[in-house]
Amino acid sequence: MPDDRRQIAVFDDRPFFERALALGVRSGVLGDDSITSIRNDGAKGMVQIAEYFGTQYLRPNIEEARIRIVNLVSLFLEESSAGDLERAARSLRDNTFLSHSRGGSELLKSLWAMPEDSSFGILVRQSQRSFLADWSLKSHAEYRQAREQRQAHQVTIAAALWFAERLGTPAAEISTVAVESLIRTAMLLYLSGSTTAALPNAAEFVDILATLRKKGIPGKGRKRIAEVFKSLPESYQAVARRELKKVESEDLPRIVDPSQAMNRLIPELEPLYYLRDFGPEDASQFDAAVSADWQKITGGKIDDNSLLTIFLCLATDTPPKAALSKVAARNVIRKVRADGLQRQPVLVFIRAFAPYQLQQDLEALWDELFPEVESALSDPSDTALDRALAFLKENCVVR
């Protein structure tokens, strides 16, 4: 009669330290002296940890410290033994319990020192003490996942700095930036066949897009990309190819498509790339490429009242105008009361069409005025719309 008994895998969710300890006692690796040493070191370590994160005199702190020290020891044991319980048991026999706790703490400190995302130049980060407070309560699986992610960020940053250095921009000159944009810019620059050995400024970026639209990717661009990848360190290859794929599959089809208006395309692509600082002479060229619709809509008006009138139209899904008749103004008020005032369409308009050097100030103006405008135009007690209309006459252009 065939034996159809099935093996059952037992899931043991105890901390790795407890499993290693149990195996060590069961197998005779850990004797009475070892157990006594672990108990004494554990008690001492718990008090030290409780004091570091709070106070040793409160029972909840001590109980939490017990969890922390077991997690720290488990983390170090599982990492150093590669998950081998017998090897971990021998480590408990040959080394002090507190040395294992310190080892776990050092692993977390190393994790803290790694970048938590692919930004470069971020000045504000979680303090080491706060990080240890959080992570000494997390599982080994969470640690491994975070370490894998942070190592990937570290490689991405290193690859970006490699490209930046190659293009004449040392790390010291780079402030807060998502480093993928550096690599993406290098890929576009090389593909374009540009002979410049520097990251582009905004005006040069416009020139690159215009040249690609006119001529496509030149043979020398493909050749240069191949040469770059030959000299690129192996550890950076995957990161660079990922950004190259984005340029080729997401950006280039739009750049070479003549049906996509360049004055709309440029402000949509620009945030994806890293551009050097540029002066007034560069800004004028950049603005010339993106602001045709801005000039058409605003009629050259840049005073706050005219701009607020345009913003109000956009926020109520009304054709934008720099001035309103009294009838049109009343209709806008009614639309606010019926459908509400929308913040986002104005921000989209500013980012797509406003001159580059004005965008930040215009966004700040709209964010500042939005609550006041919404309140003034939505007041239900103003049944005749008189106060709302007076507000528009004072702050917008109503004729």
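Select Cys313 to begin: at 0% relative accessibility, this residue counts as buried, where buried means under 20% relative accessible area, exposed over 50% and partly exposed in between, with a 1.4 Å probe and protein chains only. The model is predicted, so local features need pLDDT of at least 70 and side-chain atom pairs count only at pLDDT 80 or more, while totals for chains, interfaces and linings use all residues. Residues are numbered from 1 along each chain as its sequence is written, and side-chain values use heavy atoms, with hydrogens and water left out.

For Cys313, the nearest cysteine sulfur is that of Cys396, 8.3 Å away, and Cys313 is in no disulfide. Cys396 is likewise in no disulfide, its nearest cysteine sulfur being that of Cys313. Cys396 is buried, with a relative accessible area of 5%.

**Aromatic pairs**

Next, display the aromatic side chains. Rings of Phe, Tyr and Trp (its six-membered ring) pair if their centres lie within 6.5 Å; planes under 30 degrees apart count as stacked, over 60 as edge-to-face and the rest as tilted. The count comes to eight aromatic pairs.

Select Phe131 and Trp135, a stacked pair with 5.7 Å centre to centre and 25 degrees between the planes. The two residues are four apart in helix H6 (residues 128-135), which separates Phe131 and Trp135 by about one helical turn. Helices (H or I, at least four residues) and strands (E, at least two) are DSSP runs, numbered from the N terminus. Both Phe131 and Trp135 are buried.

Move to Trp366 and Phe370, which form an edge-to-face pair at 5.4 Å centre to centre, with 80 degrees between the planes. Both lie in helix H18 (residues 359-378), four residues apart, about one turn of the helix. Trp366 and Phe370 are both buried.

Then select Trp162, Phe163 and Tyr190 together: these residues form one aromatic cluster.

**Charges over rings**

Which residue lies over the face of Tyr52? Select Arg129, at 4.0 Å from the ring centre of Tyr52. A charge sits over a ring if NZ of Lys or CZ of Arg is within 6 Å of the ring centre and within 35 degrees of the ring normal. A further case is Arg241, whose charged end sits over the ring of Phe229, 4.0 Å from its centre.

**Helices H3 and H7**

Show helix H3 (residues 59-81) with helix H7 (residues 140-166); they pack at an angle of about 60 degrees, with their axes 10 Å apart. Axes are lines fitted to C-alpha atoms, for helices over the stretch in contact, and angles run from 0 to 180 degrees between N-to-C directions. H3 and H7 are therefore oblique to each other; angles under 35 degrees count as roughly parallel, over 145 as roughly antiparallel, 65 to 115 as roughly perpendicular and the rest as oblique. H3 passes H7 in a right-handed crossing, a crossing being right-handed if the near helix is turned clockwise from the far one by less than a right angle, and left-handed if anticlockwise.

**Positive phi in two loops**

Continue to Ala82, in the loop between H3 and helix H4 (85-94). Ala82 has a positive phi of about 55 degrees although it is not a glycine. Is Ala82 buried or exposed? Ala82 is exposed, with a relative accessible area of 67%.

The last stop is Leu385, found in the loop between H18 and helix H19 (386-395). The phi of Leu385, a residue other than glycine, is positive and near 70 degrees. Leu385 is buried, with a relative accessible area of 8%.

Methods. Disulfide = S-S within 2.5 Å.
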